[in-house]
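This briefing covers a predicted model.

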Amino acid sequence: MGEGCAAALPANAWNWIAVWRRNYLAWKKVALASILGNLADPMIYLFGLGLGLGLVVGRVDGTSYVAFLAGGMVATSAMTAATFETIYAAFARMNAQRTWEGILYTQMTLGDIVLGELAWAASKAFLAGTGIMIVATVLGYATWPSVLYALPVIVLTGFAFASLAMVVTSLAPSYDYFIFYQTLVLTPMLFLCGAVFPITQLPQTFQQVAQFLPLSHAIDLIRPAMLGRPAGSIGLHMGALCLYTILPFFLSAALFRRRLMS
Amino acid sequence: MFSIDLSGVSKTYGDKVVVDKLSFSVAPGECFGLLGPNGAGKSTIARMILGMTAPDAGKITVLGVPVPAMARLARRGIGVVPQFDNLDPEFTVRENLLVYGRYFGMNTRKVKAVMPSLLEFARLESKVDARVSELSGGMKRRLTLARALINDPQLLVMDEPTTGLDPHARHLIWERLRFLLARGKTIILTTHFMEEAERLCDRLCVLERGRNIAEGRPHALIDELIGCEVIEIYGGNPHELDSLIRPYSDRIEISGETLFCYAPDPEKVRVRLRERAGLRVLQRPPNLEDVFLRLTGREMEK
């Protein structure tokens, strides 16, 4: 059992960087298309919903609807970017492309690979979340310089959702199963966690469920930072996101070991 | 000390025994072959040597360390040529080597220092900036081989290194492998090509359903188990021919529509067959295919 754990854990604190750099090199070749692709979707929501629906809705939580929505879209885009990178791109590298197999034939461990993939997915989440935040700030929907406090939260949100998606990746027999994760987990979270409307609009039971969901914690930190308001329970929210990063990381590493090294 | 030492190694998936109490050793500088048909357990053994799969029973030592317990340490000294290409198709030749070197903890400068000799070895100097997707099958294999050498390994583990290549590309790989052996590298390779095993391997072990059914030097095995000329006959009813030539044969094997006759005096058999029209008769020296047929009653590649 001892050797099994060693294979699933990172070998040291720096091996993962080689995996991150591999993915960065691949991404660099298609960077422009990737950035536009990652930004287009949340931008459309931000302006479509924010400006269009904002006319009807008026002010929300003491601010314009589009400014309210901006925080939700930053968190959501980090969630989506990290998730998609993990369930589609990392799955391809693990499965059809056999990239992971090649890496495992070196002195790298499965834990190094998973950690490198998580860090990479979090980097892409940072890029996507920050991109929207910059646009929102330039257009005056977010407050400078308090908006900077959101940056580390975006990274942590990326890690948490990459880590959760890694569990799905480790279990999925094929791409076809990822749609369930998207429709049954991610999409409900969008509406339960206060991304597009205040959570207080929900029935009490849903509100209680929502406070356990990772996207709620991300939004509760990102939105106040962007609106220039003080955030409450910072330690709790950061701690929750850390837990959502760490526990699925170990679970997925163990599941990958069973899948790839039996 | 052996480069690889397996003793009493078994592996079962469900109720299927894939490797069955297997033992063998590979000395430094040796080329050792695992020969067997698909499903004989060759790839599983290769994975166990790399510590990718833990055996259910038995002991494995590779480059002096126990595997899988210290497989990571062992893999620092191993180069792997996997059965299926896992090069990065979107990367160039240069980028593939650079990225793979980093997995061994090499920095860019270190990889760049060894790159010219690897490219020369793989005969890919002119392709250094070509994408992998533009390379031919043989070039991809040579790049995989060069990549496996990036950490200057003592031991090379190759799973079906020439499967899927055309004869020309295959001969070039063999020539490159002989070059590595001449430089003192140890190679363990799995193959179902008899010719490959015969040409490259100092010693080999013949596998069937995970069991070691014969082990030795290729030519010693051939001499010991066959030891005479072989006549292949097809184009007639093999069972009828069997009774016709049996008195002049040591042994007769029938596989599909081909009859294999092991004849100490081939001329006598040929005389008997001369009166038959429409037969195709081929007389040849014995090879490992005959050894496998003798041991298992079946052909390997058909």
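Residues 33–259 of chain A are 77% helix and 2% strand. In UniProt, an unreviewed entry lists residues 33–259 of chain A as "domain: ABC transmembrane type-2". As noted above, the model is a predicted one.

**Contact between chains A and B**

- Chain A contributes 22 residues to the contact, and chain B contributes 20 residues.
- On the side of chain A that touches chain B, the elements giving two or more residues are α2 (16–28) and α5 (99–104) of chain A.
- Sorted by class, that side of chain A has nine nonpolar, seven polar and six charged residues.

**Domains of chain B**

- The assignment for chain B gives domain 1, covering 4–221, and domain 2, covering 228–285.
- Between the C-alpha centres of domain 1 and domain 2 of chain B the distance is 39 Å.

**Sheet in chain B**

- An open sheet of four strands in chain B runs in the order β2-β1-β4-β5, with antiparallel pairing.
- The edges of the sheet are β2 (16–26) and β5 (65–67) of chain B; each has a single partner strand, so one side of each is left without a neighbour in the sheet.
- From one strand to the next, the twist averages 30°.
- Five bridges join strand β1 (residues 4–13) of chain B to strand β4 (residues 57–62) of chain B, in the antiparallel sense.
- Opposite B:Leu6 stands B:Ile60, which belongs to β4(B).

Notes:
Residues are numbered from 1 along each chain as its sequence is written. Chains are lettered from A and ligands numbered from 1 in the order in which they are written. This is a predicted model: local features need pLDDT of at least 70, side-chain atom pairs count only at pLDDT 80 or more; totals for chains, interfaces and linings use all residues. Two residues are in contact if their C-beta atoms, placed from the backbone, lie within 7 Å. Ala, Val, Leu, Ile, Met, Phe, Trp, Tyr, Cys and Pro count as nonpolar, Asp, Glu, Lys and Arg as charged, and the others, Gly among them, as polar. Domain bounds come from an automatic or database domain assignment. UniProt positions are given in the numbering used here, feature names are shortened, and annotations may be inferred rather than shown by experiment. Two strands pair if DSSP finds at least two bridges between them. Axes are lines fitted to C-alpha atoms, for helices over the stretch in contact, and angles run from 0 to 180 degrees between N-to-C directions.
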